[in-house]
Amino acid sequence: MLAKLSSRPALRRGAGAGVLTLALLGAGLPTAAAARSEPDLSRFYRQKAVWAACKGPDMPRDLQCGKVTVPLDYARPADGTLDLALARYRATGPSRGSVLLNFGGPGVPGVGQLAAGGKDFMDLTNGYDVVTFDPRGVGRSSPVSCGQGEALPPAVTDEQSDIDRPQVLLKQLRQSAEECAKSSGPVLKHMGTVDAARDLDVIRQALGDKKLNYLGFSYGTRLGAVYAAQFPHKVGRMTLDGVDTLTESLAEQGAATAEGQQTALDDFLDWCATDIACPFGQDRRMADAQVTRLVRSLDENPVPTDFGGVFNGQDLVGAIGQALYSKDLWPSLQRALSSLVEDGDTRAVLNFAAGGIGLPPRAERPGPTKPAPKKPGPKKPGPKKPGPKNGGLVDAQNIPADNLSAALLAINCADDPDRPSAARITKDLGTLRAVYDEASPVFGRYRLTQLLMCYGRPKGTDFIRDRVKDVPSASILLVGTRGDPATPYRWTVETARRLGPAAVVLDNKGDGHTGYASSKCVHRKVDDFLLYGDLPASGSSCPADRNGWRSTADGSGS
């Protein structure tokens, strides 16, 4: 999909024209952590994970759950702790330890994802315990929330107010940041990937592994790269699939993702218009405008949902974006949009609604995780300050409905050191809005909103941009997919160059977000590396699967 961008000169010019503005919004605002002696973390490294059968009606019988305790603040470990939820499938044969999975987002809870989609990883149980976790602030691990109000300030989605009344917008953004801080508790200040990567090392030790074997998707590739920079000599067999950028600002990332998703939407509409059941008709020339009108109409007049809230245009954009990660989901997306357009029924499209960028869901089970559709309604609101005061695990039914989107914002903002002033935002907002709208008339405003939501939050770290480079670790396999709508292939090339000689690139010629679950060739090569240490030559490739492929429990494909 992204390979087609060269045939869209206007779109490419629009993205290029915004480089100066994007750079201005991201300029001159680094933060530096003061050097300090390392505190005593020995009590965290002495613990061992204890396992038991997972509780809950949606949990497979052979999935085991556990927890590990980490410091809230690694610089001040006496100030409090957090429990992180773990889950694993036991190795079915001789085990060489564990392989740890992260499904992306940021903000996707690993336990629910492994419970819902564990079949994709059963091949790895031939040599590993397959383990995942809910990162800090995510899922059952002290989940963050932004309260029960609107997820996005109204001015962000209004057609003109964010340009004509920037001071109103800035006030609403600051109020939103304050509400998130009030509803999330102390973990919000310690949500960044630098802390999460240190959690990985505590998990590694608690699992009894001398080195970390790891498979990370999308945002999980950023997490893996940060771990490799922090603990280069603890890297075992590491694979990063759907490679994130380490150097671009949030402003640049947002425009690139909007552009990629617009290309994926164009491909979907090309396919949809050939079917008489397409809710936008069979005139392909009119379909783009109909999608845009539908989004704008829902922004102006949101419709009620069965969960007690309302569904607006930006909710629809987020749902469509999730469904475009895999062509396997296109038929389900078409039916969901038909129900919305023809009957005003939001239930099917809500199955896709999320906020992050993670592993594509299986076609028969749309949505980021199996529990996702079970959003609590007004009779069971999420707690204002979720989780026990001591940082213990919360019950699954008490995870706030907005946890994924709240965690995504918290982590991305914590990882980005750029905080333009109110004056800078006011000056650049009109130009920035034009850049994002040019990148995508559908996804541009949604991605711009995510960028602006960092206003009013503390500056993030400059560790990732400044120090995640030239990593002296064991070889790391990077999988980039040419038609990835969320993490463009050029990010794979740039990140490999950034990581240095340790990086080995596998070029997946197919479509969709990430390759492990959708490409038989990628799946085999990743398994061969993780299980046997057989590393493909850097620059080798996997062809696109002509008829599509999804991994299954026996690895034969479907």
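1. Threonine 239 touches Tyr214, Leu215, Gly216, Leu477, Val479, Val526, Phe529 and Leu530, leaving aside residues up to four places away in sequence. The model is a predicted one, and in it threonine 239 belongs to strand E8, which spans residues 235–241. With a relative accessibility of 0%, threonine 239 counts as buried.

2. A search of the whole structure gives 5 disulfides. When the bonded cysteines of the chain are numbered in sequence order, the pairing reads 1-2, 3-4, 5-6, 7-8, 9-10.

3. One of these disulfides joins cysteine 146 to cysteine 180, with an S to S distance of 1.9 Å. The torsion about its S-S bond is about 100 degrees, so this disulfide is right-handed. Cysteine 146 sits in the loop between strand E6 (129–133) and helix H5 (154–157), whereas cysteine 180 sits in helix H7 (residues 166–184), so the pair ties together parts that are 34 residues apart in sequence. Both cysteine 146 and cysteine 180 are buried.

4. Cysteine 272 and cysteine 278 form another disulfide, in which the sulfur atoms are 2.1 Å apart. This link is right-handed, with 110 degrees about the S-S bond, and cysteine 272 and cysteine 278 are both buried.

5. Cysteine 521 is joined to cysteine 542 by a disulfide with an S to S distance of 2.0 Å. Here the torsion about the S-S bond is about -70 degrees, so the disulfide is left-handed. The pair links distant parts of the chain, 21 residues apart, with cysteine 521 in helix H20 (residues 520–532) and cysteine 542 in strand E14 (residues 540–542). Cysteine 521 counts as buried at 9% relative accessibility, and cysteine 542 counts as buried at 0%.

6. The count of salt bridges comes to 24. Among them is the one between aspartate 199 and arginine 136, whose closest N and O atoms are 2.7 Å apart. This pair links distant parts of the chain, 63 residues apart, since aspartate 199 is in helix H8 (residues 193–206) and arginine 136 in the loop between E6 and H5. Aspartate 199 counts as buried at 1% relative accessibility, and arginine 136 also counts as buried at 1%.

7. Arginine 284 is partly exposed at 21% relative accessible area, aspartate 288 is partly exposed at 30%, and aspartate 266 counts as buried at 11%.

8. Helix H16 (residues 422–439) and helix H17 (residues 444–452) pack at an angle of about 145 degrees, their axes lying 9 Å apart, and their crossing is right-handed. On the H16 side the contact involves Ile425, Leu429, Leu432, Arg433, Tyr436 and Asp437, which meet Gly444, Arg445, Arg447, Leu448, Leu451 and Leu452 in H17. By class, this contact has 7 nonpolar, 1 polar and 4 charged residues.

Key. Residues numbered from 1 in each chain as written. Predicted model: local features only at pLDDT ≥ 70, side-chain atom pairs only at ≥ 80, totals over all residues. Heavy atoms only, no water. Axes fitted to C-alpha atoms, helices over the stretch in contact; angles between N-to-C directions. Helix = DSSP H or I, 4+ residues; strand = E, 2+ residues; numbered from the N terminus. Left-handed = near helix turned anticlockwise from the far one by under 90°. Contact = heavy atoms within 4.5 Å. Nonpolar A, V, L, I, M, F, W, Y, C, P; charged D, E, K, R; others polar. Disulfide = S-S within 2.5 Å. Buried < 20%, exposed > 50% of the residue type's maximum accessible area, 1.4 Å probe, protein only. Salt bridge = Lys/Arg side-chain N within 4 Å of Asp/Glu carboxyl O.
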